[in-house]
Amino acid sequence: MYRTRAIPIILVALTLLTWSLTSVAELQTVTIGGEIRVRGYYWQNSFNGGVATGLALPQVRWPAAWLDGRPIGDIIGGQNAMSYWDWDSRGPDYKLVAERTELSVRADFTDDVAAVISLDSFDFWGEDFRSNYITGADARAATADDVEFYQAYIEVDQLFGNPLRLRVGRQEITLGSGWLVGNGSARAEFTGTSFDGVRLTYICDPLTVDAFWTKLAERSPVEEDGDVDMYGVYASYVAPNEVLWVDNFELDAYWLLVRDGRAIEDVNGTFFQEWLEEVVGIDDYGPTYLHTVGLRAAGTLWNFDGEAEFAYQFGDANQVGTLFKRFAYGDDDADYSNWAMNLELGYTFDDVTWQPRLHAGLGYFGGEDNRYLYFWEWINPFKAPEASVSFNRLFSNKVYSYMIDEMAQLSNFYTINGGIELNPTEKVELNLAAAYFHVIEEFNHPIFVDIGRLRIPLAPGLPWLTRTADSDLGWEASLSAKYAYSSDLSFEVGWSHFFVDDGLAVGNYNDYNGLLYTGGTDDDDADYFYAETKVCF
């Protein structure tokens with residue numbers, strides 16, 4: 001991505017950073033690099049219509065009155081079941097062009113000291129146009145949310161003469177293949193993900209150990225202990241030789257913790273109300289502790305290549321529990337307790353024309369749906385709500401579908417996928433794939449009848465009369481082609497067709513880590529088209 005060239009210090013930001021370094025290290029080289037990436041999107045029969053910017057807007061699928069007393073916990077709609085999708089050909093389609101521009105500067109000093117600054121901007125075409133063609137009047141561009149310091153950190157290698165590397169500041173963090181923590185580059189909206197924090201890396205081949213602390217949200221002085229922080233330790237062993245005939249064998253183990261100390265209170269009442277809540281044992285939330293432990297292994301055997309990763313989450317899920325209110329109070333005993341895994345296996349025919357590679361995979365993210373009530377629970381006003389906590393995918397860079405997992409946040413599902421990759425020439429890569437998606441725990445929706453395209457509820461005042469949603473979300477077939485014009489410039493196009501099944505048409509809770517409904521108003525098949533160009537320098 002970068003080409004090194006020694007040049008004078010011409011950037012003010014870099015000059016200021018150089019002056020601020022307390023080390024007596026002297027500037028050696030400056031590396032300038034960057035990336036321009038443009039992608040045009042077109043989703044058909046999938047998202048709801050939106051506002052003038054073309055962004056999809058959530059719509060009510062089941063109003064709160066039809067779900068009376070049920071702990072729905074919709075992160076957008078509360079007691080309403082909301083959805084971004086319609087799976088309907090009647091409304092407008094979702095289409096736009098996005099562009100991300102990144103400019104990076106790395107300054108290397110003596111004594112293994114370096115400074116990195118990266119500026120970036122993510123925009124939709126047309127957002128900042130400065131002229132009105134009707135009147136001819138020009139105006140300043142709306143640039144309040146454009147250029148940001150995407151990365152800005154100081155790096156010290158061989159810290160105090162030890163095999164340690166220290167990075168302090170805003171930085172990308174990609175762990176393993178990026179399955180749970182990545183830079184966001186694979187998502188449909190490739191806005192990028194960077195973290196403010198400190199990262200210490202022990203590097204002693206074949207072992208590497210990362211320990212880091214990052215600040216996700218700062219609440220001071222609003223709250224004394226209301227910040228959101230992520231901690232982690234990630235150890236990776238890359239075998240220098242074969243291990244049981246496996247080449248490039250890699251074994252990773254990790255622990256991640258997200259601590260959310262933001263205060264939660266269902267009801268802020270009088271002294272007597274607060275005393276009564278304490279006696280009864282309700283509205284008693286503490287910080288959220290989301291622990292994730294996992295193992296990852298990867299390697300190659302003959303013409304096979306494979307990767308397997310398993311993770312388990314546990315801890316207090318109070319920020320999720322407060323969403324699941326029954327009347328006034330949420331679930332202050334909610335816990336994380338879910339498994340997830342990602343399995344991938346490929347085989348390359350290296351002695352065949354076009355060098356085809358067959359691949360298959362399985363993705364699983366545990367979830368639960370406790371949004372139903374039996375009749376005797378519904379009539380009991382003291383029945384406490386139970387939260388529905390699914391596996392939290394954190395900051396994943398793994399996208400299983402650009403139709404329903406375009407932001408890598410789908411949960412409470414599993415997918416089985418496979419396909420073939422072809423290389424007709426050194427510069428052309430073709431990929432044909434198919435995937436099946438299935439719900440882990442289904443939503444119990446109100447009973448209804450279809451009259452044409454309308455869904456008429458049969459018992460809107462009796463929310464305990466429900467029907468279990470279908471568990472089949474559907475099938476997806478996709479085709480993509482990539483052309484590497486040069487080592488720096490590439491072009492890519494793709495198309496996906498989603499065969500919508502009843503699990504999507506009527507809907508389940510899968511999006512936003514299992515906290516947002518995916519149901520539509522019909523069951524029309526959907527399509528996704530994209531065209532992208534990217535240059536790195």
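**Entry 1: Tyr 234.** I looked up Tyr 234 and found it in strand β11, residues 228–238. The model I am reading is predicted. I noted Tyr 234 as buried because its relative accessible area is 6%, under the 20% cut-off. I then checked Phe 212, which is 22 residues from Tyr 234 along the chain; the C-alpha atoms of the two are separated by 8.8 Å.

**Entry 2: salt bridges.** I searched the whole structure for salt bridges and got 26. I went through some of them one at a time.

I began with Arg 106 and Glu 155, whose side chains meet at 2.9 Å, N to O. This pair links distant parts of the chain, with Arg 106 in strand β5 (residues 94–109) and Glu 155 in strand β7 (residues 148–157), 49 residues apart. Arg 106 is partly exposed, at a relative accessible area of 25%, whereas Glu 155 is buried, at 6%. I also saw that Arg 106 and Glu 155 belong to a network of salt bridges with Asp 108 and Arg 167.

Next I took Lys 398 and Glu 344, which form a salt bridge of 2.8 Å, N to O. Here too the pair links distant parts of the chain: Lys 398 sits in the loop between α4 (375–378) and β17 (413–422), Glu 344 in strand β15, and 54 residues separate them. I recorded Lys 398 as partly exposed, with a relative accessible area of 24%. Glu 344 is also partly exposed, with 30%.

Then I looked at Arg 393 and Asp 405, joined by a salt bridge of 2.9 Å, N to O. Each lies in the loop between α4 and β17, so the pair ties together parts that are 12 residues apart in sequence.

**Entry 3: Asn 183.** I placed Asn 183 in the loop between β8 (164–171) and β9 (195–204). Is Asn 183 buried or exposed? I put it down as buried, since its relative accessible area is 17%. Its side chain makes a polar contact of 2.9 Å with the side chain of Ser 185.

**Entry 4: helix α2.** I counted the buried residues in helix α2, residues 271–280, and found one among its 10 residues, so I wrote that the helix is hardly covered. Gly 281 follows α2 and has a positive phi, near 90°.

**Entry 5: surface charge.** I found a patch of negative charge on the surface, where Glu 278, Asp 284, Asp 316, Asp 333 and Asp 335 gather. I followed up Asp 333, which is in the loop between α3 (318–321) and β15 (335–348). Asp 333 counts as exposed because its relative accessibility is 57%, and the cut-off is over 50%.

Note on methods:
Residues are numbered from 1 along each chain as its sequence is written. This is a predicted model: local features need pLDDT of at least 70, side-chain atom pairs count only at pLDDT 80 or more; totals for chains, interfaces and linings use all residues. Side-chain values use heavy atoms; hydrogens and water are left out. Patches are made of residues with over 30% relative accessible area and no salt bridge: like charges are joined within 9 Å, nonpolar side chains (Val, Leu, Ile, Met, Phe, Trp, Tyr) within 5 Å. Accessible areas come from the Shrake-Rupley method with a 1.4 Å probe; for residues, only the protein chains shown count as cover. A salt bridge is a side-chain nitrogen of Lys or Arg within 4 Å of a carboxyl oxygen of Asp or Glu. Lys and Arg count as positive and Asp and Glu as negative; His and the chain ends are not counted. The place of a charge is taken as NZ of Lys, CZ of Arg, CG of Asp or CD of Glu. Helices (H or I, at least four residues) and strands (E, at least two) are DSSP runs, numbered from the N terminus. Buried means under 20% relative accessible area, exposed over 50%, partly exposed in between (1.4 Å probe, protein chains only). A polar contact is a pair of N or O atoms within 3.5 Å; within protein, one must be able to donate a hydrogen and the other to accept it, and residues adjacent in sequence count only if both atoms are side-chain atoms.
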